[in-house]
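This briefing covers a loop contact, salt bridges, aromatic pairs and a surface patch. Please read it alongside the sequence and structure shown here.

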Amino acid sequence: AILDNAKQDIRRNTANGLINLTEETSPLNLNISRMTTRLTEAEALEFHERIKELSKEFHEKKKDGANADEQTYAFVFAFYPTLRGNRPNPEQKADD
């Protein structure tokens with residue numbers, strides 16, 4: 001549901017002109033990327049903690065909207081293990 005809501009919000013704000021998909025120069029426009037990397041469990045835990053801290057900082061920002069110079073921004077993230085991009089283990093048999 002979270003990703004569906006984000007997708008609907010992006011579509012709505014693209015349609016109303018708030019998000020400009022043709023403008024690549026502004027870092028305040030839509031920023032989406034997907035990438036994979038290989039991490040040890042310790043590296044994954046460290047990265048997750050950094051994401052949690054950034055998320056906490058974002059959540060604690062002002063939310064009243066009283067200042068006309070402020071724009072509301074949305075922050076969505078997903079961090080999860082995946083088989084995509086896994087390299088086969090040369091020591092593992094095909095039947096394993």
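Asn-29 sits in the loop that runs between helix H1 (2-15) and H2. The model is predicted. Is Asn-29 buried or partly exposed? With a relative accessibility of 15%, Asn-29 falls under the 20% limit and therefore counts as buried.

**Loop contact**
- A polar atom of the Asn-29 side chain lies 2.4 Å from the backbone oxygen of Asn-20.

**Salt bridges**
- Two salt bridges are found when the whole structure is searched.
- One of them joins Arg-12 to Asp-9, with 3.2 Å between the closest N and O atoms.
- Arg-12 and Asp-9 are three residues apart in helix H1, so about one helical turn separates them.
- Asp-9 has a relative accessibility of 29% and counts as partly exposed.
- Lys-52 forms a salt bridge with Glu-49, and here the closest N and O atoms are 3.3 Å apart.
- Both Lys-52 and Glu-49 belong to helix H2, where they are three residues apart, about one turn of the helix.
- Lys-52 is partly exposed at 39% relative accessible area, and Glu-49 is partly exposed at 40%.

**Aromatic pairs**
- The whole structure contains three aromatic pairs.
- In the pair of Phe-47 and Phe-79, the ring centres are 5.1 Å apart and the planes meet at 45 degrees, so the pair is tilted.
- Because Phe-47 lies in helix H2 and Phe-79 in the segment after H2, this pair ties together parts that are 32 residues apart in sequence.
- Phe-47 is partly exposed at 36% relative accessibility, and Phe-79 is partly exposed at 33%.
- Phe-75 and Phe-77 also form a tilted aromatic pair, at 5.8 Å centre to centre with 40 degrees between the planes.
- Phe-75 counts as partly exposed at 35% relative accessibility, as does Phe-77 at 38%.
- Phe-58, Phe-75 and Phe-77 make up one aromatic cluster.

**Nonpolar surface patch**
- Which residues form the nonpolar patch on the surface? They are Leu-28, Leu-39, Phe-47, Leu-54, Phe-58, Tyr-73, Phe-75, Phe-77 and Phe-79, and together they have about 840 Å² of accessible area.
- Tyr-73, one of the patch residues, is placed in the segment after helix H2 (41-59).
- The relative accessibility of Tyr-73 is 43%, so Tyr-73 counts as partly exposed.
- The patch includes Phe-47 and Phe-79, which are paired with their ring centres 5.1 Å apart.
- Phe-58, Phe-75 and Phe-77 are also among the patch residues, and these three form the aromatic cluster.

Terms used. Residues numbered from 1 in each chain as written. Predicted model: local features only at pLDDT ≥ 70, side-chain atom pairs only at ≥ 80, totals over all residues. Heavy atoms only, no water. Patch = residues over 30% accessible without salt bridge, like charges linked within 9 Å, V, L, I, M, F, W, Y side chains within 5 Å. Areas by Shrake-Rupley, 256 points an atom, 1.4 Å probe, with all protein chains shown as cover. Salt bridge = Lys/Arg side-chain N within 4 Å of Asp/Glu carboxyl O. Helix = DSSP H or I, 4+ residues; strand = E, 2+ residues; numbered from the N terminus. Buried < 20%, exposed > 50% of the residue type's maximum accessible area, 1.4 Å probe, protein only. Phe/Tyr/Trp six-rings, centres within 6.5 Å; stacked < 30°, edge-to-face > 60°. Polar contact = N/O pair within 3.5 Å; in protein donor to acceptor, adjacent residues only side chain to side chain.
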